Amino acid sequence: MVTTTRLRVNVYRMPVLALLIICSLSLAAVAALSAVATTVPISAALATSIAADLFPVTVKVSNGNLHMTEPVAQFLDNERVGMAVRIQAYDHRPAQGIAISEMGRATISGTLGYDPATQQVLLTNPRIETLEFDQKNAATQDFLTAIKSAWSVLVTNPMRAPMPPHPYLLPFKNNIQDLSYDGKNIMLTVSYQ
């Protein structure tokens, strides 16, 4: 009779133990899945659309200004991404009788990174790939010299920019952990914890 009683007790405990094990495994699976990161690819076309939210940009250079518009993301090689922009360099000082405006194109490049603490995009080892004006004259030569001088003074390594407020990024903006480039797409690593 003792053996039978013990057997009955064990049989009654089995469903309770099985239920506890299933619940524990379910909770562990939910916890593991909630911390799993996923990647979101961004093509050059989408990167161009996202970057447009940060433009136009104007930078003071010497006595003039450099106004940048029409950004186009470019995947240059397996490591570096670029941003081509339309530029307008201008120096307007009416009191001195100066009104100069020159148009051109420029491309800057670097390797991508991300700082999750500040939610900033990083461009490491930035450099000017191209910088050309539509016209070649004394004014554009002066602007080229001023821009290159300002670049060496103003540009940090890495360059930092805020994450653009683009609708594509808004659903997971606060969960971005990293940003990288695989040679074909910019990859956002998103983690929900």
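This is a predicted model: local features need pLDDT of at least 70, side-chain atom pairs count only at pLDDT 80 or more; totals for chains, interfaces and linings use all residues.
Figure 1. The chain has three helices and nine strands. Of its 193 residues, 32% are buried.

**Figure 2. The largest pocket and its lining.** The largest pocket holds about 1200 Å³ of space. It is lined by 45 residues, and those closest to its centre are Phe55, Ile108, Leu123, Met159 and Ala161. Strand 6, which spans residues 120-133, makes the greatest contribution to this lining, with six residues. Sorted by class, the lining comprises 39 nonpolar residues, five polar residues and one charged residue.

Figure 3. The core consists of 34 residues, and Ile42, Ile87 and Leu188 have the most contacts inside it. Strand 4 is the element that gives the most to this core, supplying five residues. Strand 4 covers residues 81-93. When residues up to four places away in sequence are set aside, isoleucine 42 touches Ala47, Ile50, Phe75, Tyr168, Leu169, Asn185, Ile186 and Leu188.

**Figure 4. The salt bridge between arginine 105 and glutamate 70.** Six salt bridges are present in the structure. In the one shown here, the closest N and O atoms of arginine 105 and glutamate 70 are 3.7 Å apart. Arginine 105 belongs to strand 5 (residues 98-115) and glutamate 70 to strand 3 (residues 64-75), so the pair ties together parts that are 35 residues apart in sequence. Arginine 105 is partly exposed, its relative accessible area being 31%. Glutamate 70 is likewise classed as partly exposed, at 48% relative accessibility.

**Figure 5. The salt bridge between aspartate 134 and arginine 86.** The two side chains meet with an N to O distance of 2.9 Å. Aspartate 134 is located in the loop between strand 6 and helix 3 (138-154), whereas arginine 86 is part of strand 4 (residues 81-93); the pair therefore ties together parts that are 48 residues apart in sequence. Aspartate 134 is partly exposed, with a relative accessible area of 45%. Arginine 86 has a relative accessibility of 18% and counts as buried because this value falls under 20%.

Figure 6. The side chains of aspartate 91 and arginine 93 form a salt bridge, with 2.7 Å from N to O. Aspartate 91 is buried, at 8% relative accessibility. Arginine 93, at 25% relative accessibility, counts as partly exposed. In a further group, Arg80, Arg127 and Glu129 are joined into one network by salt bridges that share partners.

How values were computed:
Residues are numbered from 1 along each chain as its sequence is written. Side-chain values use heavy atoms; hydrogens and water are left out. On a 1 Å grid over the protein atoms alone, a cavity is a set of points where a 1.4 Å probe fits but cannot get out, and a pocket is an open set with protein on both sides within 12 Å along at least five of seven lines; lining residues have an atom within 4 Å of a point. Grid points are joined across faces, edges and corners, and a volume is the space filled by probe spheres set on the points. Helices (H or I, at least four residues) and strands (E, at least two) are DSSP runs, numbered from the N terminus. Ala, Val, Leu, Ile, Met, Phe, Trp, Tyr, Cys and Pro count as nonpolar, Asp, Glu, Lys and Arg as charged, and the others, Gly among them, as polar. A salt bridge is a side-chain nitrogen of Lys or Arg within 4 Å of a carboxyl oxygen of Asp or Glu. Buried means under 20% relative accessible area, exposed over 50%, partly exposed in between (1.4 Å probe, protein chains only). A nonpolar core is a set of buried Ala, Val, Leu, Ile, Met, Phe, Trp, Tyr and Cys residues joined through side-chain atoms within 4.5 Å. Contact means heavy atoms within 4.5 Å.
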